[in-house]
Structure formats: structure tokens, C-alpha cells
Amino acid sequence: MAESETAPKFAPFFGMGGIAFAMIFGCAGAAYGTAKAGIGIAGVGTFRPDLIMKSLIPVVMAGIIAVYSLVIAVLIASAITPDKKYSLFNGFLHLAAGLSVGLTGLAAGYTIGIVGDTGVRAYMQQSRIFVGMVLILIFGEVLGLYGLIVGLILNTSTGEV
């Protein structure tokens, strides 16, 4: 096969798409989770300012989703260099890696936002709900972690046989 058939010039476009999808969707999920949980924290803070620090857990967990996206984006970007042969297969692998991290990050951020908002409001009323809230938040966060694991596995795959 000719070199242009195994490594077309447009192949890095798909890898760059993986970077963009990871960052866009992952950060959108993190932003939604932060904003939604922040609304609940603001409501709690007006009545019970002493609970604000413990109520920040959903916001921190939502921020971790963006870190997952950043990790996979940096790993994909480091594999795309102009002087190295970049196959179409690697482009699609990186696109899939970015989509897996980005879309699971969007789902996790949505979950963390809803649970965080409702959880901190319930925590203001009944302190025994705290452990349950944190457990539910962990199960929401792990959705993004699953996407990161799949993205890392895809990123380490190579198109060479």
C-alpha cells in the first residue's frame, strides 16, 4: 500500500475531534454539576452557613470530571505530531477515546448536579442523609471514571499489527 492510503493527511482531524469532544462534553458536564450543586449550596448557606464546607463535596466531584477530560485530551494531543505517521485507525481510536470520556463526563456531571442540589438541601433538614448523599455522588462520579478507563484503553491501542 502507498503511504497516503495508510496515513491520509486528514487522519489527525479525527484525533483532534476526540480532543474537542472530550473537553467540550466533559467540561459541560462539570459546569452543569458545579452550577446545579452550587445553587443548592447557596440555598443552604442562607439558612445554615455552618454546613457550607461539607456541602462543597458535589462541586469538587464535578470538577474532577473536567480533570478526566483534560487527561485524555493531553494524552491524545501528545500522540498527534506532524512528523510522525498517524493512521486513520489511530484517528478513529482517539475519536472514540474522546467521545467515551466526554459523554460519560456529561452524564456524570448531570448526575452529580441533580444529586448534589437535592442532597445538600436534604442535608440541611436532616444531617443523617449526608453519608447516603456522598455514596450516591460516588456512584455518579464513577460513570465518568468508567469512561476514562475505556478512553485510556483505547488510547493505548495501536493500529499496527
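Please keep in mind that the model is predicted.

I begin with helix H4, which covers residues 57-79 and so contains 23 residues. From its first C-alpha to its last, helix H4 reaches 34 Å, close to the 33 Å expected at 1.5 Å a residue. Its buried residues include Met 61, Ile 65, Tyr 68, Ile 72 and Ile 76. What covers the buried residues of H4? Among the elements that do so are helix H2 (11-47), helix H3 (52-55), helix H5 (88-125) and helix H6 (130-156).

I turn now to the salt bridges. A search of the whole structure finds 3 of them. In one, Asp 117 pairs with Lys 36, with the closest N and O atoms 3.6 Å apart. Because Asp 117 lies in helix H5 and Lys 36 in helix H2, this pair ties together parts that are 81 residues apart in sequence. Asp 117 counts as buried, at 9% relative accessibility, while Lys 36 is partly exposed, at 25%.

Asp 117 also forms a salt bridge with Arg 121, and here the closest N and O atoms are 2.7 Å apart. Both residues belong to helix H5 and stand 4 residues apart, about one turn of the helix. Arg 121 is partly exposed, with 37% relative accessibility.

Is Asp 50 buried or exposed? Asp 50 is exposed, with a relative accessible area of 56%, whereas Arg 48 counts as partly exposed at 33%.

Note on methods. Residues are numbered from 1 along each chain as its sequence is written. This is a predicted model: local features need pLDDT of at least 70, side-chain atom pairs count only at pLDDT 80 or more; totals for chains, interfaces and linings use all residues. Side-chain values use heavy atoms; hydrogens and water are left out. Helices (H or I, at least four residues) and strands (E, at least two) are DSSP runs, numbered from the N terminus. The expected span of a helix is 1.5 Å times one less than its number of residues. Buried means under 20% relative accessible area, exposed over 50%, partly exposed in between (1.4 Å probe, protein chains only). Contact means heavy atoms within 4.5 Å. A salt bridge is a side-chain nitrogen of Lys or Arg within 4 Å of a carboxyl oxygen of Asp or Glu.
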